[in-house]
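Welcome! Take a moment to look over the structure shown here, and then let us walk through it piece by piece.

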Amino acid sequence: MAKVTKRFKEAAAKVEKQTVYSVKDALQLAKDTATTKFDSTVEIAFNLNIDPRKADQQIRSAVVLPSGTGKTQKVLVLTNTKVKEAQDAGADFVGGEDLIAKIQKENWFDFDVIIATPEMMAKLGAIGKVLGPKGLMPNPKTGTVTMDVAKAIDDVKKGKIEFRADKEGNVHAILGKASFSVEALEENFKTIVSEIKKAKPQTVKGEYVLNVTISTTMGPGIKVNIN
């Protein structure tokens, strides 16, 4: 059983477990309960009324956070057709079969996001089982399989995040950093909530978003009212 630290107890004491806070109050409380010595990440978790086992209720998407993520993302572009465009757009790594082989043989993962042009997808199948569990497999739904690599790179550098529902119907995403202002976090919050609502499957009946919680790294969960 994990040991509960004094710091966590003090932070948790500030949160009323049964209270569902307004967005602004929840975000301020998240900042107040971020007690790590480093700049904590603020995260959001949705519990959705979906059955991800059904093909029409699987949720996967991406969105550019207006206030960014507070993290610099390293981008790998796999392409044979858009090499110069990717380099000019600021990709950290650009290549084709050579970099796929490097991932496969050297277990190389010095990047955060992979963007691929369509002709590379068949070749990526060789390492799909490695990329999938890490959430790195490019996907047209999230804009990471595209011929417009310049826009895809720009989106990632500006603060694009991907999210998907797990097998329990939960979606986790980054909101930003504890050092962000409440206003900046609120901008990101509203953007993510809007995208989640847009992704509602037509076959879902009744209430869609069951509850929403935000938290910081090693901090307590804070329930939020999104209505």
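Predicted model: local features only at pLDDT ≥ 70, side-chain atom pairs only at ≥ 80, totals over all residues.

If you find Val77 in the model, you can look across to Ile115 in S5, which stands opposite. Another partner is strand S4 (residues 93–95), and the pairing of S3 with S4 is parallel too, over three bridges. Here Leu76 has Phe93 of S4 as its bridge partner. Follow the chain and you can trace a β-α-β unit made by S3, helix H3 (residues 83–88) and S4, and this unit is right-handed.

## Helix H4: one side in, one side out

Now turn to helix H4 (97–106). Its buried residues are Leu99, Ile100 and Ile103. Why do they lie on the same side of H4? They cover an arc of only 105 degrees around the axis, so they share one side of the helix. On the other side of H4 you will find Asp98, Lys105 and Glu106, which are exposed.

Asn107 sits in the loop between H4 and S5. Is Asn107 buried or exposed? Asn107 has a relative accessibility of 53%, so it counts as exposed, since the cut-off for exposed is over 50%.

Met218 is another residue to look for: its phi is positive, about 60 degrees, although Met218 is not a glycine. You can find Met218 in the loop between S8 and S9. With a relative accessible area of 60%, Met218 is exposed.

## Helix H2 and what it packs against

Helix H2 spans residues 23–32, and its buried residues are Val23, Ala26, Leu27, Leu29 and Ala30. These cover an arc of only 160 degrees around the axis, so they are on the same side of H2. What do the buried residues of H2 pack against? Their neighbours are strand S7 (170–177), helix H8 (182–198), strand S8 (209–216) and strand S9 (222–224).

Lys31 is in helix H2 as well. Its relative accessibility is 24%, so Lys31 counts as partly exposed. Leaving aside residues up to four places away in sequence, Lys31 touches Ala178, Ser179, Phe180, Ser181, Val182 and Leu185. Lys31 and Thr41 are 10 residues apart in sequence, and their C-alpha atoms are 10.0 Å apart in space.

## Asp155 in helix H7

Next, find Asp155 in helix H7 (residues 149–158). Asp155 has a relative accessible area of 14%, so it is buried; the cut-off for buried is under 20%. Not counting residues up to four places away in sequence, Asp155 touches Val64 and Lys160.

How many residues apart in sequence are Asp155 and Val63? They are 92 residues apart along the chain, and 8.7 Å apart in space from C-alpha to C-alpha.

## The largest pocket

Finally, let us visit the largest pocket, which holds about 560 Å³ of space. It is lined by 23 residues, and those closest to its centre are Gln73, Asp112, Gly135, Ile161 and Glu162.

Which strand gives the most to the lining of this pocket? That is S6, with five residues. S5, S6 (160–164) and S7 each supply at least two residues of the lining.

Methods. Residues numbered from 1 in each chain as written. Heavy atoms only, no water. Pairing = 2+ DSSP bridges. Helix = DSSP H or I, 4+ residues; strand = E, 2+ residues; numbered from the N terminus. Right-handed = clockwise from strand over helix to strand, strands pointing away. Buried < 20%, exposed > 50% of the residue type's maximum accessible area, 1.4 Å probe, protein only. Arc of directions from axis to C-beta. Contact = heavy atoms within 4.5 Å. 1 Å grid on protein atoms, 1.4 Å probe; cavity = no way out; pocket = protein on both sides within 12 Å on 5 of 7 lines; lining within 4 Å. Points joined across faces, edges and corners; volume = space filled by probe spheres on them.
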